[in-house]
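Thanks, everyone. Let's take this one from the fold to the contact and then to the core.

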Amino acid sequence: MNETIEIFIASILNHNIALTYILGMCPLIAISTNVKNAKGMGLAVIFVVTITAIINYPIYMLLKSTGTTQLNLLVFIITIAATVQFLEMFLEKFIPRLYNAFGIYLPLITVNCVVLAVSLFFVNREYSFVETVSFSFGSAVGWFVAIVLLAAIREKMAKQSNVPRGLAGKGITFIILGILSLAFIGFTGLASI
Amino acid sequence: MKRKIFYTKPYNIFKQGLAADNPIAIAVLGICSALAVTNKVENAIAMGLGVTFVIIASSLTVSAIRKFIPAKVRMVTYMVIISTYVIVVQMFLEAYFPAIASQLGAYVGLIITNCIVMGRSEAFAIKNPVKYSIVDGLANGLGYTYVLIAVSVVRELLAFGTILNIQVVGDNWVNWVSMAMAPGGFFVLGLFIWLIRELTKNFEVTA
């Protein structure tokens, strides 16, 4: 039990998937211009990452028992694409409020590397099912924290600061990310993964 | 004969991929792997070549069967094609370069979700004949590789005092540890983008 909680905390703070493993950068940079969109995307990621990890775990066990683990990439990516498609249809039909809140972000998530990375990491680290759930949920929450922080800083900067013309836009975003990432490295040693 | 090569279509496609539409510096795609593996030059080279191979092979395949792919399921089709080639790269690295394969770890598998590969299939290969798609794939792959190598040279030098594992600085050198970790990648790439934009006078207008 303690280990499960430790993995959860580590994956939010000192092993933050966005700021220490540098994953999910494309949407992180593209959708972080204001806090409202960042929140929508972040919530959608939490939802999809947790569900796909839960689905991929038994599938990986099946691959392992039949000795075809080389195929895991192909199988995982198809599972993810199918899950996202299914979720979209399901939400549209049964929970339209949730669909309106983050429906537009769902298709983008298929190419968000966080989703695939979480599935690959639990394979590499040989987690049990409970640990996988805790790790995937924690990583997604960590990504949510990162995108909201970044969006808040960018929103403020867009109003007040005078950025050199060559750095404006993407360039300065990397510098902000670098400083955020330094701050998160400050949590090193808090919990291990 | 030599002058004929300029201003032909393949030449223009090539030039665009390398400079004007450079996938990393201008379009800012495929950043995850670009930052995560660039703390050592050898990793950057392996990753760059792997991605180049996957882009060329998947562009070729998508372009060859482009008339048979229904528009609605094209994304899934790209994914299946791309992941097949990524598995090839992964197994090749594991068989011949096990040390590099273990350092790159999960990032080889993540070539699948590298937006550059998907982006070239969607933006170019699906609409163009095979021969141009190959040139486009090669140009984008090389454009990606050279930025990766440039970033990794700076990071490996600052973080370990070496280039390609060969010691290049004196004994008084103190390793700059954070350059090997994530922040170093962010800072170096940010400054690199600044440099390229100043050199090409291609500025981004912020809204």
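Start with chain B. From the N terminus on, its elements run α-α-α-α-α-α-α-α-β-β-α-α. That is ten helices and two strands. Both are DSSP runs numbered from the N terminus: H or I over at least four residues for helices, E over at least two for strands.

A word on the source. This is a predicted model, where local features need pLDDT of at least 70, side-chain atom pairs count only at pLDDT 80 or more, and totals for chains, interfaces and linings use all residues. Residues are numbered from 1 along each chain as its sequence is written, with chains lettered from A and ligands numbered from 1 in the order in which they are written.

Now the dimensions. The C-alpha trace of chain B spans about 60 × 45 × 40 Å along its principal axes.

How much of chain B is buried? Of its 207 residues, 46%. Buried means 20 or more other C-beta atoms within 10 Å of the residue's own, with C-beta atoms placed from the backbone.

Next, the contact between chains. Chain B supplies 38 residues and chain A 36. Two residues are in contact if their C-beta atoms, placed from the backbone, lie within 7 Å. On the chain B side, the elements giving two or more residues are α2 (31-36), α4 (74-96), α6 (106-109), α7 (115-125) and α10 (182-200). The largest share, eleven residues, comes from α10(B).

Helix α10 of chain B comes up again over in chain A. There, together with α2 (25-30) and α8 (129-160) of chain A, it is among what covers the buried residues of α9(A). Those buried residues include I172(A), F174(A), L177(A), L180(A) and F184(A).

Last, the core. The largest nonpolar core has 117 residues. Such a core is a set of buried Ala, Val, Leu, Ile, Met, Phe, Trp, Tyr and Cys residues joined through C-beta atoms within 7 Å. Which members touch the most others? V45(A), V114(A), L116(A), A117(A), V54(B) and I82(B). The top contributor is α8(A), with eleven residues. Leaving out residues up to four places away in sequence, V45(A) touches I109(A), N112(A), V114(A), A140(A), W143(A) and F144(A).

Technical notes. A residue is buried if 20 or more other C-beta atoms lie within 10 Å of its own, exposed if 12 or fewer, and partly exposed in between; C-beta atoms are placed from the backbone.
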